[in-house]
Amino acid sequence: MHRALLVPRLCRAARHGREQQACIAMIHKCVNTSASRDLDGFAIENNTTTSPVAAGVAAALGMLVTFAMGGGGTASCEESALFARPSSQLPIKPVSITSNFDSGNIEIVKIDGSAQVDLKIRSEPFTEGTDKTCHAQWFHFKASNLVVGKICTFRLLNAGKCSYAPGFAGYRTCCSYDHETWFRVPTDYHEKEGVLTFPLVPEHDTVWFAYFAPFSYEEHQRLIARCQQSPLARVTSLGHSLDGRDIDLVRVGTGHLQAWITARQHPGESMAEHWVDGFLARLLDPDDALAKRLRALCTFHVVPNVNPDGSVRGHLRTNACGANLNREWASSPEHYGEDYKAPTMKRSPEVFQILREMDSTGVDFFLDVHGDENLPHNFFAGAQGAHGWTNRLSFLLQRLAEAYQAANPDFGNLAYNYGNDEVGKANPTTADAAVTARFGCLSVTLEQPFKDCFDTPEPSCGWSPARCRHLGTSFLDALAAIVKDLRRDFEVDDARLSSWVKPGYNCPNAAECSWR
C-alpha cells in the first residue's frame, strides 16, 4: 500500500467506527509490503510485525485513530512504544559543542566520544591603557548528543589562566535543560593544573552550561519593551555602542532628586541585569505604596545594560574593542599616563554618553550594579577614596547598608567588602569614584556573587536569577531609609560610624572564599 493512501483509509476507518486494532493491522500491512521502505524519513529495515519501528509507527497512528474516534482507556503494549526515547534506537554520536549564539563563549580542544569534552574559554580583545591584558572567565555553551544516564565530563583547560582564577575555588557551574531554569552542578577546580572540571549525568540529550545564568540581549529587549508599556516610564536611547546597539535609558518618577542606576558595565556579570529586572518591576508597580512614594521624591535614570556589545560577544569584562568601561569614567595620568584620555567616543562611547546625560540632569545618588568572582557575599563597595568624600556620605552609606540587610538577609555580613581607600587615594577612573568627585553625591557599587551567599546558602541553585530579582526589589526599602537625607547637610561625628564604612578600613581575610 502506498503511504499516500494510508491516512485517507485511516480517516475512513475512524469515521465508520472500525476497531482500533484493525487500523493497526492496516499499518503493519503497509509497512511490511517491502523489505525496505522510506516512511517519512525513517529507513525501515527487516520489516516484520515485531520491528520496533513498525510497532512504533503502528502504535502512534493507532493512537491517532483512537483520538479521532474519541476513544480512551489504557494504552496497549504497542501504544506504549510511542513513548520510548528515540535515541535508544539510534547509534551513539560524539558530543556536539557550540557557542554560536548570544553571549556564547567556548573553544573546542578535544571531544572523546560521549565520555569527555575538553574546552577552552575564548579570550577578549586586549585592554589597552588600563588593564593591559586579554580578559577571560565567562563561558556559555550548548552540549548536544549526550547519552541520557551516562556520565560526561567537561573540562575547561585554561581556567587557571583566566582573569580571576582563584574565584573558581568553591564555584559550581550553572546548568540548564531549557535555557531558562538554571541549577548548579558539582565542580572541581584543580589549582595546580589550572583545570575546571564538571561531570554531569544528563537527564536530557541537550544541556546548556554558563558561568552564571545569562541575561540575553533578547531578554534585554523584552525588559525594555515591558518598561515602555508602563505609563510610569519613558524609554530613550542615549546613543549607540561601538557595534551600533542602543544604550537604553529607562526614566521613572517625577521627583526633584536625581537617582542614577547603571548595571552590567562588565558584561559577564549578568546577575546585574537580573537585579535591575526585579528593581524596575517593583518601581513600576502602580499598587506598591513605597514605589509610589519614591517615584514622587526621585526621578530615576536606569541603564539596565551599559555594555550590550560585550554581553552579546560573550565577554566577561570589556566592550567590543576591549575597553574596561569601569576604568573609563575619567582620565588619570597617575594610573595610566598622560596620553590615556577617558572616556572617548572612539573607545568608550557607552560611558561618554552616560556622563553627558548625567551632566544634563545632575546626580544626587548613584548605584552601579556588578558581580564579584571571588567573594560569596552581596556587599557594597563604597567610594570612600574619592575626592570629596565626607563623614556625612559614610553615614548615609552605613544606613543604606543596614536598611538593605534588614529588608533582605541575602545582603549579608556588612564587615565584608574590598576594604576602603583613604580619602583621595582611590582610582578616580571607576564609576563610583568619578561620580562622587564630579557631583559630590553618595555613590556606591553593589557586588553580587557568582557563587552563593555564604550566610544564606541555597545548594541547588546558588546565587540565582530569582534571588537577584528579589534583591533588586528589596533595594527600594533600603533607599527609602535615606532618600530624604541625600542632599540634606548635616554633621556626623566619627564615633557614630561603624569601622567597615570608614575610609582606610581593612577587610578581614575572607576564608570562605574557598568555601564549598
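In the predicted model, Arg347 lies over the face of Tyr340, at 4.0 Å from the ring centre, where a charge is taken to sit over a ring if NZ of Lys or CZ of Arg is within 6 Å of the ring centre and within 35 degrees of the ring normal. The model is a predicted one, in which local features need pLDDT of at least 70 and side-chain atom pairs count only at pLDDT 80 or more, whereas totals for chains, interfaces and linings use all residues. Residues are numbered from 1 along each chain as its sequence is written, and side-chain values use heavy atoms, with hydrogens and water left out.

The side chain of Arg347 also makes a polar contact with the side chain of Glu328, at 3.0 Å; a polar contact is a pair of N or O atoms within 3.5 Å, of which, within protein, one must be able to donate a hydrogen and the other to accept it, and residues adjacent in sequence count only if both atoms are side-chain atoms. Glu328 lies in the loop between helix H8 (308-313) and helix H9 (333-336), helices (H or I, at least four residues) and strands (E, at least two) being DSSP runs numbered from the N terminus. Glu328 counts as buried because its relative accessible area is 0%, the classes being buried under 20% relative accessible area, exposed over 50% and partly exposed in between, with a 1.4 Å probe and protein chains only. When neighbours within four places in sequence are left aside, the residues in contact with Glu328 include Tyr340, Ala342, Pro343 and Arg347, together with Thr130 and Thr429, contact meaning heavy atoms within 4.5 Å. Two of these residues, Ala342 and Pro343, are joined by a cis peptide bond with omega of about -5 degrees, and Pro343 lies in the loop between H9 and helix H10 (349-361).

Most residues other than glycine have a negative phi, and most peptide bonds are trans. Positive phi values are found for Lys132, near 55 degrees, and for His179, near 65 degrees.

The chain holds 13 helices and 19 strands, and 54% of its 516 residues count as buried. Among contacts between residues at least 6 apart in sequence, 75% join residues at least 24 apart.

Five of the strands form an open sheet in the order S3-S6-S12-S8-S9, with antiparallel pairing, two strands being paired if DSSP finds at least two bridges between them. Strand S3 (96-98) and strand S9 (183-185) stand at the edges with a single partner strand each, so one side of each is left without a neighbour in the sheet. Within this sheet, S6 (residues 140-144) is joined to S12 (residues 207-210) by four bridges; Lys142 stands opposite Trp208, and the bridge partner of Phe141 is Phe209. Three bridges join S8 to S12, likewise antiparallel, and Cys174 has Ala210 in S12 as its bridge partner. From S12, Val207 and Phe209 point one way and Trp208 and Ala210 the other, and all are buried.

A search of the whole structure finds 28 aromatic pairs, where rings of Phe, Tyr and Trp (its six-membered ring) pair if their centres lie within 6.5 Å, and planes under 30 degrees apart count as stacked, over 60 as edge-to-face and the rest as tilted. Phe168 and Tyr189 form a tilted pair, at 5.8 Å centre to centre and with 50 degrees between the planes. This pair links distant parts of the chain, since Phe168 is in the loop between strand S7 (152-156) and strand S8 (173-176) and Tyr189 is in strand S10 (residues 188-190), 21 residues apart. Both Phe168 and Tyr189 are buried, and both belong to one aromatic cluster whose members also include Phe141, Phe209 and Phe450.

Leu476, in helix H13 (residues 465-480), counts as buried because its relative accessibility is 1%. Beyond its neighbours within four places in sequence, Leu476 is in contact with Phe279, Arg282, Leu283, Leu290, Ala291 and Leu294. Leu476 and Tyr404, which are 72 residues apart in sequence, are 8.7 Å apart in space, C-alpha to C-alpha.
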